[in-house]
Amino acid sequence: MADIAHPPMDQLQDLEYCIDSNPPWPETILLAFQNYILVLGTSVMIPTLLVPQMGGSDGDKARVIQTLLFVGGINTLLQTLFGTRLPAFVGGSFAFVVPIAYIISDSSLQRIEDPQVRFIQTMRAIQGALIIASTIQIILGFSQAWGLFSRFFSPLGMAPVVGLVGLGLFQRGFPALGNCIEIGLPMLLLVIGLSQYLKNVKLLRDFPIFERFGVLISIAIIWLYSVILTASGAYRDKPMATQISCRTDRANLISTAPWFMFPYPLQWGSPTFSAGHSFAMMSAVFVSMVESTGAYKAASRLAIATPPPAYVLSRGIGWQGIGLLLDALFGTGTGSTVSVESVGLLGLTRVGSRRVVQIAAGFMIFFSMFGKFGAVFASIPFPIFAALYCLLFGLVGSVGLSFLQFTNMNSMRNLLITGLSLFLGISTPHFFDEYWNLPRRGLVHTDAGWFNAFLNTIFMSPPVVSLIVAVVLDNTLEVDKSNKDRGMAWWIKFRTFRGDSRNEEFYTLPFNLNRFFPPT
């Protein structure tokens with residue numbers, strides 16, 4: 001048995017750089033640029049989906065993308081400096097799509113005939129809803145209420161939740177890749193080949209170039225391939241859906257993006273407020289908090305850090321609420337959460353450095369202001385990103401399942417909780433998602449639109465459904481007899497900031513701010 005035993009490990013050891021160690025500067029800058037390119041997928045996809053429904057033009061879409069990247073860079077810097085301090089991006093979130101779609105469909109906005117006026121008024125309504133909803137997240141974070149709630153989390157309860165933070169995004173993986181299989185599939189095979197099979201090939205001074213920059217090299221090769229296909233007329237007579245997915249010139253971002261634009265607060269005008277819109281948006285805030293909590297747990301493991309204590313988790317949620325307020329004030333058109341793909345990239349490159357992510361945030365801010373340059377990179381076809389998501393989301397999902405090593409998986413109780421929370425976490429959102437279409441707007445379909453959006457948002461999120469099932473069962477089913485089996489003996493020391501001496505190394509605030517904001 002000794003030969004096949006793999007003892008549980010508090011921290012992963014198979015990484016080159018941890019949260020506080022930094023690669024050489026040239027490598028750091030290239031890794032940061034690779035991170036920036038990766039987060040473009042979601043940053044472009046969300047405005048592309050929402051802005052036309054709001055009545056906006058291609059020029060409006062370019063401005064929204066630039067604003068989303070600009071604020072995402074600021075939020076990432078705030079989170080890595082003062083929040084959890086983990087190396088994770090904060091960017092646009094699909095969790096806000098359902099309540100935003102409810103706002104877009106509001107009859108008072110749909111009656112506006114001029115598309116440009118309707119776009120501006122809809123953006124202002126979204127801003128108002130985000131402002132109100134952000135206060136909930138700020139209060140739950142800085143009051144430590146979210147940290148108190150996290151005391152109900154155990155390794156057994158968190159394993160399916162973190163697992164579904166990655167695996168629950170399967171619709172953005174191969175289904176999106178399949179929209180342009182001739183681009184997406186070669187991308188998937190190439191990035192696996194370079195980052196895994198050739199990772200030990202060292203061409204430059206004993207440096208693993210394919211492991212570190214396999215994503216960047218693969219994107220460059222397949223992007224060039226897609227440009228050649230577009231220029232050769234391969235998609236000239238194809239259906240419009242195929243052209244949008246495959247062509248590099250269909251987004252109209254390069255032609256419509258301004259050469260220089262500095263996003264500023266209230267650039268779309270004064271926000272408007274509605275109780276129904278705000279209540280609907282609060283559901284997305286709850287979803288983003290759950291998903292971000294799971295992403296923080298995964299990021300801590302991939303950065304060779306200890307699990308974030310309750311105090312740090314609450315601090316991060318509070319700063320994320322401030323980030324949501326910035327989203328509202330600047331008018332990004334959506335809310336924000338932790339970028340799951342950026343968390344997966346930590347493991348793929350084996351670099352968990354905080355500095356890399358902070359410099360990448362600088363790239364986001366820079367290229368968002370110089371619109372034409374950023375638009376060139378934003379024209380990368382989405383199936384290229386979808387191929388990366390297959391790998392990166394899967395990696396994050398497996399990190400979540402690795403928490404099961406601290407539990408007793410020979411216990412029928414634990415097997416039941418894990419299996420049921422995973423199964424319902426996948427099947428319930430899939431069931432709700434099947435009813436999501438433009439005329440019907442989801443499975444819950446009452447006369448109160450805000451109530452429909454609220455419940456549909458909650459139950460269309462795999463991590464949230466999994467959290468509800470796992471935490472309720474784990475804290476009500478044979479609790480007294482199962483403390484050790486559910487992993488609490490290992491987890492308990494990470495609940496408080498001073499519970500483990502390593503926490504101070506990873507999560508202490510910079511500039512000696514802990515003197516003024518001591519851990520509670």
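Axes are lines fitted to C-alpha atoms, for helices over the stretch in contact, and angles run from 0 to 180 degrees between N-to-C directions. Helices here are DSSP runs (H or I, at least four residues), numbered from the N terminus.

The crossing of H9 and H18 is right-handed. Right-handed means that the near helix is turned clockwise from the far one by less than a right angle, and left-handed means anticlockwise. Now show the side chains. From H9, pick Ile183, Gly184, Met187, Leu188, Val191, Ile192 and Ser195. They meet Pro383, Ile384, Ala387, Leu388, Cys390 and Leu391 of H18. Contact means heavy atoms within 4.5 Å. By class, this contact holds 11 nonpolar residues, 2 polar and no charged. Ala, Val, Leu, Ile, Met, Phe, Trp, Tyr, Cys and Pro count as nonpolar, Asp, Glu, Lys and Arg as charged, and the others, Gly among them, as polar.

A word on the model. It is predicted: local features need pLDDT of at least 70, side-chain atom pairs count only at pLDDT 80 or more, and totals for chains, interfaces and linings use all residues. Residues are numbered from 1 along each chain as its sequence is written, and side-chain values use heavy atoms, with hydrogens and water left out.

Next, select serine 226 in helix H10 (residues 209-231). Is serine 226 buried or exposed? It is buried, at 0% relative accessibility. Buried means under 20% relative accessible area, exposed over 50%, and partly exposed in between (1.4 Å probe, protein chains only). A polar atom of the serine 226 side chain lies 2.6 Å from the backbone oxygen of tryptophan 223. Leaving out residues up to four places away in sequence, serine 226 touches Ile183, Cys246, Thr248, Pro381 and Ile384.

Go to threonine 28, in helix H1 (residues 25-54). Threonine 28 is buried too, with a relative accessible area of 0%. Its side chain reaches the backbone oxygen of proline 23 at 2.9 Å. Beyond four places in sequence, threonine 28 is in contact with Pro23, Arg355, Val356 and Ile359.

Move to the segment before H1 and select methionine 9. This residue is partly exposed, at 38%. Methionine 9 and tryptophan 490 are 481 residues apart in sequence, yet 10 Å apart in space, C-alpha to C-alpha. Setting aside neighbours within four places, methionine 9 contacts Arg301, Gln405 and Phe406.

Select H13 (residues 275-302) and H15 (residues 340-349). They pack at about 15°, with axes 9 Å apart. That makes H13 roughly parallel to H15. The crossing is left-handed. Ala295, Ala298, Ala299 and Leu302 of H13 touch Val343, Leu346 and Gly347 of H15. The contact residues divide into 6 nonpolar, 1 polar and no charged.

Two loops end the tour. Arginine 350 sits between H15 and helix H16 (354-369). Its phi is near 60°, a positive value in a residue other than glycine. Glutamate 478 sits between helix H21 (462-474) and helix H22 (488-491). Its phi is about 50°, also positive in a non-glycine. Glutamate 478 is partly exposed, at 42%.

Conventions:
Angles under 35 degrees count as roughly parallel, over 145 as roughly antiparallel, 65 to 115 as roughly perpendicular and the rest as oblique. A polar contact is a pair of N or O atoms within 3.5 Å; within protein, one must be able to donate a hydrogen and the other to accept it, and residues adjacent in sequence count only if both atoms are side-chain atoms.
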